[in-house]
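Please look over the structure shown here before reading the notes. The points that follow are grouped by topic.

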Amino acid sequence: MLKNARIQTVRWMVFIALLSTCTLLFMPFSLVPSSALNLSQLSCQVSDSSGDKTFRIYTPSDWQANELMSYFCGSVLAGDEYARVELSWKPREHINSEDILSQQFDMLFSRPRVLNGLLPDHQAFYEQALILPAYTVYLYAHIPLQNLSSATFYKRSIGLLDDKRSQSGFLIPEIELRKKGISLDNNNTRWFHHRNDLVSAFLSGRVDFIPAIGIEPELSKWPREKRIELKTIPSAGSWYLSNALPKAIKCKTSQSLLAKMQQSPVMSQLLDHGKLNSYACD
């Protein structure tokens with residue numbers, strides 16, 4: 001009887017394991033934690049498509065990913081030869097030389113030095129279509145800020161992005177605070193996967209400080225006395241287009257991106273339009 005009981009127990013354990021696996025496989029992606037599947041992709045169907053191609057976009061984060069994807073499906077590529085837009089934001093460290101050589105993405109956002117590090121002759125595969133100008137990284141707070149010292153952060157928390165290659169969300173605040181002799185307390189540092197979550201935590205008072213650049217709509221009217229400049233970056237980065245794309249698509253895409261940014265009430269406050277250039281139509 002003991003042997004039979006053991007066999008029955010094993011059968012139940014196997015059944016439960018299989019049931020759990022099937023539940024994960026058939027559960028909608030929106031219900032499965034991204035950490036379990038490394039979910040970092042969205043897709044949509046292009047309006048009035050005349051073909052069956054997939055247009056692939058890469059950005060280093062998911063900030064406004066839905067808005068960008070919808071813009072391409074509903075406007076930029078509408079009526080074109082692309083049936084689907086696929087937007088990925090896999091971590092920067094997962095982008096490799098093979099992605100550039102194989103032109104895995106039709107459009108990607110990066111900085112020249114990053115692409116140079118991956119592939120010195122990346123210009124043979126991707127054209128720098130839209131160059132964004134300088135931007136300033138600020139430290140936002142719930143208290144007035146005139147200067148920064150260790151006392152400023154005493155018993156107060158700061159939120160940072162856990163993307164260790166993010167200039168605005170990690171590198172700049174870490175570097176600039178250390179220059180001032182300020183070491184952040186690990187117990188008072190909160191880490192976030194997504195910029196939206198970082199901003200939400202700040203607005204709800206769960207953290208006292210966050211780094212940001214002001215393009216977040218929720219921070220666009222934040223009191224100036226409650227933010228302090230950390231550093232101005234020469235360029236926010238560039239949009240690159242694959243050289244395999246038809247000239248007409250490259251031109252249409254770059255001009256659409258330029259128009260979208262200039263029409264945005266938030267981006268127009270940040271960007272100096274005199275320095276915003278598009279070269280894909282030359």
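The structure holds nine aromatic pairs, where rings of Phe, Tyr and Trp (its six-membered ring) pair if their centres lie within 6.5 Å, and planes under 30 degrees apart count as stacked, over 60 as edge-to-face and the rest as tilted. This is a predicted model, in which local features need pLDDT of at least 70 and side-chain atom pairs count only at pLDDT 80 or more, while totals for chains, interfaces and linings use all residues. Residues are numbered from 1 along each chain as its sequence is written, and side-chain values use heavy atoms, with hydrogens and water left out.

**Overall make-up**

- The chain has nine helices and twelve strands; helices (H or I, at least four residues) and strands (E, at least two) are DSSP runs, numbered from the N terminus.
- Of the 282 residues of the chain, 42% count as buried. Buried means under 20% relative accessible area, exposed means over 50%, and partly exposed lies in between (1.4 Å probe, protein chains only).
- Among contacts in the chain with a separation of 6 or more, 78% come from residues 24 or more positions apart; a contact means heavy atoms within 4.5 Å.

**Aromatic pairs**

- Phenylalanine 55 and tyrosine 82 form an edge-to-face aromatic pair, with 5.3 Å centre to centre and 90° between the planes.
- Phenylalanine 55 lies in strand E2 and tyrosine 82 in strand E3, so this pair ties together parts that are 27 residues apart in sequence.
- Phenylalanine 109 counts as buried at 15% relative accessibility, and tryptophan 239 counts as buried at 7%.
- One aromatic cluster is formed by Phe55, Tyr71, Phe72 and Tyr82.

**Charges over rings**

- The charged end of lysine 260 sits over the ring of tyrosine 71, 4.8 Å from its centre. A charge sits over a ring if NZ of Lys or CZ of Arg is within 6 Å of the ring centre and within 35 degrees of the ring normal.
- Arginine 227 lies over the face of tyrosine 138, at 3.8 Å from the ring centre.

**The disulfide**

- The count comes to one disulfide, defined as a pair of cysteine sulfur atoms within 2.5 Å.
- Cysteine 44 and cysteine 73 form this disulfide, and their sulfur atoms are 1.9 Å apart.
- Cysteine 44 lies in strand E1 (residues 41-45) and cysteine 73 in helix H3 (residues 65-76), so the pair ties together parts that are 29 residues apart in sequence.
- The torsion about the S-S bond of cysteine 44 and cysteine 73 is about 95°, so the disulfide is right-handed.
- Cysteine 44 is buried at a relative accessible area of 16%, and cysteine 73 is buried at 4%.

**Helix H3 and its surroundings**

- The buried residues in H3 are Ala65, Leu68, Met69, Tyr71, Phe72, Cys73 and Val76.
- These buried residues of H3 pack against E1, strand E2 (53-58), strand E3 (82-88), strand E4 (107-110), strand E11 (237-242) and helix H8 (247-263).

**Strand pairing around E3**

- Six of the seven residues of E3 are buried, so E3 is largely enclosed by the rest of the structure.
- E1 and E3 run antiparallel and are joined by five bridges; two strands pair if DSSP finds at least two bridges between them.
- Leucine 42 stands opposite leucine 87 in E3.
- E2 and E3 pair in the parallel sense over six bridges, and lysine 53 has tyrosine 82 in E3 as its bridge partner.
- The chain crosses from E2 through H3 to E3 in a right-handed β-α-β crossover. Right-handed here means that, with the strands pointing away from the viewer, the path from the first strand over the helix to the second runs clockwise.

**Positive phi in loops**

- Aspartate 48 is not a glycine, yet has a positive phi of about 50°.
- Aspartate 48 is placed in the loop between E1 and E2 and counts as exposed at 67% relative accessibility.
- Lysine 155, also other than glycine, has a positive phi near 55°.
- Lysine 155 is found in the loop between strand E6 (135-141) and strand E7 (158-161) and is exposed, with a relative accessible area of 66%.
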